[in-house]
Amino acid sequence: MNEQCWVRILTMVLLNISLSNGFVTVVPIINRMDCKFNARVINMTCTLNQPNSFINQTVTMEMEIMREVKDVKLAAAYYVVSESGDSSRLVQRTVDLCSYVRHPNRDRLVKVIFDRLKEKGNYFVTKCPIPRNEKFYIRNLRPTSVQIPGFIPESSFIFENIYQIGALFEPIVEVRYYGKLVRVLNKDL
């Protein structure tokens, strides 16, 4: 191969690297958010604000514990949804939140996520058992502010969070986000 060909190839590679790492980012756009809760244990409202504007779209949740809760587990799962509507679970993780409260530095991934949520409200368990009338909230969390690695492809998704209590893992809160990952220019955010 001649020198001009190598220069063209190198230019294309560098251009693609700079676009994927510096100027283009992947963001989640939420189409729908479903929330279910067990009213004997928790009272909850959840809202997807400005659903038609991906730049100004925000999520707000208000929660109040109705009775003391001794143990809480969070099961989170991320599903990729194909064009035909079939979904495949890509990632699933279960976290014992009370254990995490006692030892927050043991799980760095969870720490990164919950530190981000703390910036937007009082969303996280700070002690166990969780007393009756304890209130938690997230206000104006922008999905576009969530950092998604650039190597994740554009796709439709379902992101599921299920909070469970007791030995039988009784669900007390189920939140599902339906949306799409899209590539956007940073100047558009």
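The classes used here are buried (under 20% relative accessible area), exposed (over 50%) and partly exposed in between, with a 1.4 Å probe and protein chains only. The model is predicted, so local features need pLDDT of at least 70 and side-chain atom pairs count only at pLDDT 80 or more, while totals for chains, interfaces and linings use all residues. Residues are numbered from 1 along each chain as its sequence is written, and side-chain values use heavy atoms, with hydrogens and water left out.

**Stop 1: Arg 32 and its partner**

The side chains of Arg 32 and Asp 34 form a salt bridge, at 3.2 Å from N to O. The term stands for a side-chain nitrogen of Lys or Arg within 4 Å of a carboxyl oxygen of Asp or Glu. Asp 34 is partly exposed, at 30% relative accessibility. How many salt bridges does this rule give? The count is six.

**Stop 2: Arg 139 and Glu 62**

Next select Arg 139 and Glu 62, which form a salt bridge with the closest N and O atoms 2.8 Å apart. Arg 139 sits in strand E6 (residues 135–141) and Glu 62 in strand E3 (residues 58–65), so this pair ties together parts that are 77 residues apart in sequence. Helices (H or I, at least four residues) and strands (E, at least two) are DSSP runs, numbered from the N terminus.

**Stop 3**

Now show E2, E3 and E6 as a cartoon. These three strands form an open sheet in the order E2-E3-E6, with antiparallel pairing. Strand E2 (42–49) and E6 stand at the edges with a single partner strand each, so one side of each has no neighbour in the sheet. From one strand to the next, the twist averages 5°; axes are lines fitted to C-alpha atoms, for helices over the stretch in contact, and angles run from 0 to 180 degrees between N-to-C directions. Two strands count as paired if DSSP finds at least two bridges between them. E2 and E3 pair over eight bridges in the antiparallel sense. Select Thr 47 and look across to Thr 60 in E3, which stands opposite.

**Stop 4**

Most residues other than glycine have a negative phi, and most peptide bonds are trans. Go to Cys 128 and Pro 129, where the joining peptide bond is cis, with omega about 0°. Pro 129 lies in the loop between helix H3 (108–119) and E6.

Asn 133 is found in the loop between H3 and E6. The phi of Asn 133 is positive, near 70°, in a residue other than glycine. Asn 133 is partly exposed, at 41% relative accessibility.

Move on to Asn 140, in strand E6. Although not a glycine, Asn 140 has a positive phi of about 55°. The relative accessible area of Asn 140 is 45%, which makes the residue partly exposed.

**Stop 5: a buried pair**

Finish with Glu 174 and Arg 176. Are these two residues buried or exposed? Glu 174 counts as buried, at 19% relative accessibility, and Arg 176 counts as buried at 18%. They form a salt bridge, with the closest N and O atoms 3.1 Å apart.
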